[in-house]
Amino acid sequence: MSPSLERRVLSGMRPTGMLHLGHYHGVLKNWVELQHQYECFFFVADWHALTTEYENPSGIADSVWDLIIDWLAVGINPGEATLFVQSRVPEHAELTLLLSMITPLGWLERVPTYKDQQEKLKDKDLATFGFLGYPLLQTADILIYKAGHVPVGEDQVAHIEFAREVARRFNYLYGREPDFKEKVEEAARKMGKKGAKLYFDLRKRFQERGDNEALATARAYLESQHNIALGDRERLLGYLEGSGRVILPEPQALLSPESKMPGLDGEKMSKSYGNTIGLREAPDSIVQKLKTMRTDPARVRRQDPGDPDKCPVWQFHSVYSGDEVKAWVQDGCRNAGIGCLECKQPVIDTILAELAPIRERAEEYVKDPDTVRAIVAEGCEAARDVARDTIAEVREAMAVVYR
Ligand code: TRP
Ligand code: SF4
């Protein structure tokens with residue numbers, strides 16, 4: 001894949017209500033970092049929400065705006081990243097349809113989330129075409145931007161693997177032009193005699209000896225060539241790597257650093273466990289939740305010693321506190337030198353301080369829906385420009401062109 005596309009990142013989130021600290025520490029902080037290093041596309045996966053919420057879709061629209069506001073509030077910058085809504089870029093649907101023609105049914109049936117989710121969400125009838133096709137829609141989301149990296153959690157890795165297989169099959173079926181070799185040679189000549197020789201030598205080293213350094217050098221060299229057209233670059237890359245022309249590059253999962261964000265009960269923070277602290281939650285409510293959260297049951301009275309390892313408050317200290325405070329907790333808890341409320345105070349202070357600017361920025365955006373809508377409209381347009389180009393290539397490859 002061309003290095004510039006390898007530097008393109010895409011990720012999506014389903015609009016399922018307000019975000020909480022678990023999302024912030026698990027996903028969004030990572031996105032904020034990525035936007036400085038990569039060309040990022042972040043989108044609200046509203047069609048994906050419909051796959052499970054089709055009986056009661058009226059809440060999705062509000063969640064879409066809440067999600068965008070939460071993103072902006074945590075520092076996703078529309079000047080750096082492209083923010084958009086999936087259904088506003090209908091090319092995702094066309095690509096899903098076209099890819100569905102080449103996707104074996106068995107591949108979809110074997111994606112682990114298909115059966116898992118059906119088991120888990122028993123109150124919903126998920127024996128639908130849309131739900132079965134979920135991973136293919138996700139594949140189209142990714143491939144339509146030719147994204148090189150997809151930041152996701154562990155639970156989504158199988159979907160990215162699926163996307164890679166679909167891309168590979170697509171390239172296999174449609175990247176084999178009858179006169180591929182001739183076209184490669186023609187493209188190589190555009191790099192000059194020396195350049196072409198370098199390219200073929202490096203390819204040989206990679207193909208015959210598995211020399212990965214040669215592969216990397218050749219890729220970088222191709223990237224530095226500014227006077228070759230995109231199609232030619234894809235041919236040269238495809239020939240280099242031993243495939244045909246790569247039309248839809250295979251994406252890679254970019255595993256998010258595992259979030260250790262505990263919930264109020266010490267389990268992973270999650271809406272379904274009812275143990276969350278919302279990103280825009282009122283300070284009183286946060287204080288109340290933290291003050292009443294469970295501690296080590298051994299500490300019935302103030303003078304009973306405790307064990308931080310048996311206390312969810314300690315997990316918050318692990319995330320938020322420095323060494324000094326941690327030592328103070330360890331000692332004070334085990335020796336009954338501090339009370340639990342006292343112990344919670346630094347956590348309360350840190351969380352309130354962390355969330356105050358987020359809540360304030362969110363309030364600004366809530367008061368100014370026009371700005372939010374303008375940001376999204378602009379993002380959708382920018383995303384569509386890219387998506388249209390890919391769809392044109394895909395139509396061409398699949399011979400869905402009538403001139
Ligand atoms: N399936 C993802 C989730 O449930 C959301 C999603 C949809 C997504 N399309 C995507 C994530 C494309 C990454 C890339 O979390
Ligand atoms: Fe938990 Fe702190 Fe109380 Fe110990 S002192 S039980 S770590 S809240």
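Rings of Phe, Tyr and Trp, the last represented by its six-membered ring, are taken to pair if their centres lie within 6.5 Å. In this predicted model, the count of aromatic pairs under that rule comes to 10. One of these is formed by Trp31 and Phe42, whose rings are stacked, with 4.1 Å from centre to centre and 0° between the planes. Because Trp31 belongs to helix H2 (residues 21-37) and Phe42 to strand E2 (residues 39-44), the pair ties together parts that are 11 residues apart in sequence. Trp31 and Phe42 are both buried. Ring pairs also join Phe41, Phe43, Phe84 and Tyr145 into a cluster.

Arg7 is placed over the face of Tyr38, at 4.8 Å from the ring centre, and Arg203 lies over the face of Tyr239, at 3.6 Å from the ring centre.

The packing of two helices is considered next. Helix H13 (residues 212-224) and helix H14 (residues 230-241) have axes that come within 11 Å and cross at roughly 175°. Since angles over 145 degrees count as roughly antiparallel, H13 and H14 are therefore roughly antiparallel to each other. On the side of H13 the contact is made by Leu215, Ala218, Arg219, Leu222 and Glu223, and on the side of H14 by Arg233, Leu236, Leu237, Leu240 and Glu241.

Terms used:
Residues are numbered from 1 along each chain as its sequence is written. Chains are lettered from A and ligands numbered from 1 in the order in which they are written. This is a predicted model: local features need pLDDT of at least 70, side-chain atom pairs count only at pLDDT 80 or more; totals for chains, interfaces and linings use all residues. Side-chain values use heavy atoms; hydrogens and water are left out. Axes are lines fitted to C-alpha atoms, for helices over the stretch in contact, and angles run from 0 to 180 degrees between N-to-C directions. Helices (H or I, at least four residues) and strands (E, at least two) are DSSP runs, numbered from the N terminus. Angles under 35 degrees count as roughly parallel, over 145 as roughly antiparallel, 65 to 115 as roughly perpendicular and the rest as oblique. Contact means heavy atoms within 4.5 Å. Rings of Phe, Tyr and Trp (its six-membered ring) pair if their centres lie within 6.5 Å; planes under 30 degrees apart count as stacked, over 60 as edge-to-face and the rest as tilted. Buried means under 20% relative accessible area, exposed over 50%, partly exposed in between (1.4 Å probe, protein chains only). A charge sits over a ring if NZ of Lys or CZ of Arg is within 6 Å of the ring centre and within 35 degrees of the ring normal.
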